[in-house]
Structure formats: structure tokens, C-alpha cells
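Notebook open, structure loaded. I'm jotting down what I look up as I go, starting with a strand pairing.

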Amino acid sequence: MEHLKIDVRGALGLKPEDVAVSLIVPTHNEARGLRRLLPAIPAVVDEIIIVDWASTDDTRDVVSYIRPDATVVEQVGRGKGSAIKQGLALAKGQILVTCDGDGSMDPLDMIDALNMLIVEGYDFVKGSRCKPGGGSSDFTKWRAFGNNVLTWCANHVADMNWTDITYGFNAYHRRVLPVTEGLADGFAFEIQLAARLSRSELRIGEFTSWESPRVGGESKLNSIRDGLRILRVLVHERRKA
Ligand SMILES: Nc1nc2c(ncn2[C@@H]2O[C@H](COP(=O)(O)OP(=O)(O)OP(=O)(O)O)[C@@H](O)[C@H]2O)c(=O)[nH]1
Ligand SMILES: [Mg+2]
């Protein structure tokens, strides 16, 4: 596939040893999603880390068949945020990208994110389905409403202009890692991180992304339970501000 050859770093004359890119993917029973995701990862990614929580499907076999070079680790804690923190701690790259394993995200979208980090000097960029050029074929009316409410609350708390606070496709420069310490272990992790970063001196931005419905398997998100947890974390962030 031609797009696999796209290499922001190579175009700048940089080598993997200058700017290595690690991709972290949290998974729980995502064999079908990984069959779509793994073959589409662009060549600029040097290291793939799958942080798996107790999968009982073929998740591990799919990884070892399609990307035998990937590292698969068993999650130590619980929750998506905890899996991401574990992956970030293991990753060796200077640029760290997180992406869901359910096949809903197009890893090619990370090219814009890498461009922003490597060329334009951003420290953290967050994928957005709500900026022009982005979108989702997985938004029901209720999901879009919930996302808008949480994005509005987060912006209110953090005095920022995020357009899509709940989306989990993010790219970090290693400099950002200290900010992740002590953040939530569940789905609130990414929202809390976005709130903290917006109060920091770090340079943050958004890249556009298109989301498809998950390819198979089951959602781990409980809109009400996780939405309430996110709101609680946002209130906590407001008190700290
Ligand atoms: N390791 C690990 N991965 C998790 C955990 N919870 C969710 N994930 C993974 O995190 C990613 C996002 O979870 P999803 O269930 O797709 O959440 P979502 O994208 O908000 O919801 P859907 O649109 O319904 O898929 C997927 O790759 C999940 O397998 C967890 O506790 N541990
Ligand atoms: Mg998903």
C-alpha cells in the first residue's frame, strides 16, 4: 500500500534515531479491530506497543501474525487510562501516539499529528472528529450530544477551545509525560490530560480525524457511568485551577 511509505520524518531528512515514533494501543478483545488497524500503520512508526487487558479472543494471535515485531504486554492495572500510562512508560520513542484497537481510527491520520509535532513544534496534539475535514460515521444523536456536553464542560473548566474532548487518538512529545502522572485510570484519563495540558505552558493543538464504527467486538464504554466519572474529574480539575 502506497500510503504506508509516507514518512514525515524521512521528508525532513531525519532518521529513526533522531525522532523515533512509538504507537501505543490499549486492547481488550479487539482481534477484529486489530486486523484492520495493524496492516494500515504507516512506516514512520518504529515501535508498536499493545497493552492488553485479559483478552480471551484472538487478539494476541492477530498481533503476532500481522506484526510480529510489536510488543504485547499484559496490563497491570485496570481501565483504559491505566493501559495508556503503562504503554507510555514502556515506549522508547520521542513521539508517542495513542490509538484505539477497535479499528475505528485511521492510523494514517497520524501523519498530520506527526507533522505538527516534528515540523511545527507542538508538544501535544489531539485528534478531532469535529473540525472541518474530520467526522464520524459512529456518532448517534445521543453520542454526539454527550460528546458536545462533555466538550463544553471541559472547555469551561479549562478555559480552552477543544472541539472533541472524548476522542482518544492523541500524539505526545515525550516532554508531556510528567503531566500524565497521577491522572485517572479509566476513560477520564484523556479528558483530564487535555484539561491539565491546557493550563500548562506546553504547546497544544488538534488534528482532524475520521472515525468509523468499531469493526467488531464490544464497546467497553458505558456512556452514563463513564460520562459521570468524566464530569467528576472535570469538577476536580476546576477546583484545582
Ligand atoms: N487494555 C485495556 N484496553 C481497554 C480498556 N478499556 C478499553 N480499552 C480499549 O480502549 C479502546 C477504546 O475503547 P472502546 O470500547 O472502543 O471505547 P469507545 O471508542 O469510546 O467506544 P465505542 O465507540 O463504542 O467503541 C479499545 O481499543 C479498547 O479495547 C481497559 O480497561 N484495558
Ligand atoms: Mg471505540
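I looked up Lys126 first: its bridge partner in S8 is Glu206. S5 (residues 124-128) and S8 pair in the parallel sense, over five bridges. For my own record, two strands pair if DSSP finds at least two bridges between them. Helices (H or I, at least four residues) and strands (E, at least two) are DSSP runs numbered from the N terminus.

Housekeeping: this is a predicted model, where local features need pLDDT of at least 70 and side-chain atom pairs count only at pLDDT 80 or more, while totals for chains, interfaces and linings use all residues. Residues are numbered from 1 along each chain as its sequence is written, and chains are lettered from A and ligands numbered from 1 in the order in which they are written.

Next I traced the whole sheet. It is open, has seven strands with mixed pairing, and runs S3-S2-S1-S4-S7-S5-S8. S3 and S8 (204-208) are the edge strands, each pairing on one side only. Ignoring direction, neighbouring strands are turned by 20° against each other on average. Here axes are lines fitted to C-alpha atoms, for helices over the stretch in contact, and angles run from 0 to 180 degrees between N-to-C directions.

Then the helices. H3 (residues 59-66) lies across S1, S2 and S3, and runs at about 170° to S2.

I found 21 residues around the ligand, the closest being Pro26, Trp53, Ala83, Gly101 and Ser219; near means a C-beta atom, placed from the backbone, within 6 Å.

Last, the overall numbers. The protein has eight helices and nine strands. Its radius of gyration is 17 Å, close to the 18 Å that the globule rule gives for 241 residues, so it is as compact as a globular protein of that length. That radius is taken over C-alpha atoms, and the rule is 2.2 Å times the number of residues to the power 0.38. I also noted that 47% of the 241 residues count as buried.

Note on methods: Contact = placed C-beta atoms within 7 Å. Buried ≥ 20, exposed ≤ 12 C-beta atoms within 10 Å, placed from the backbone.
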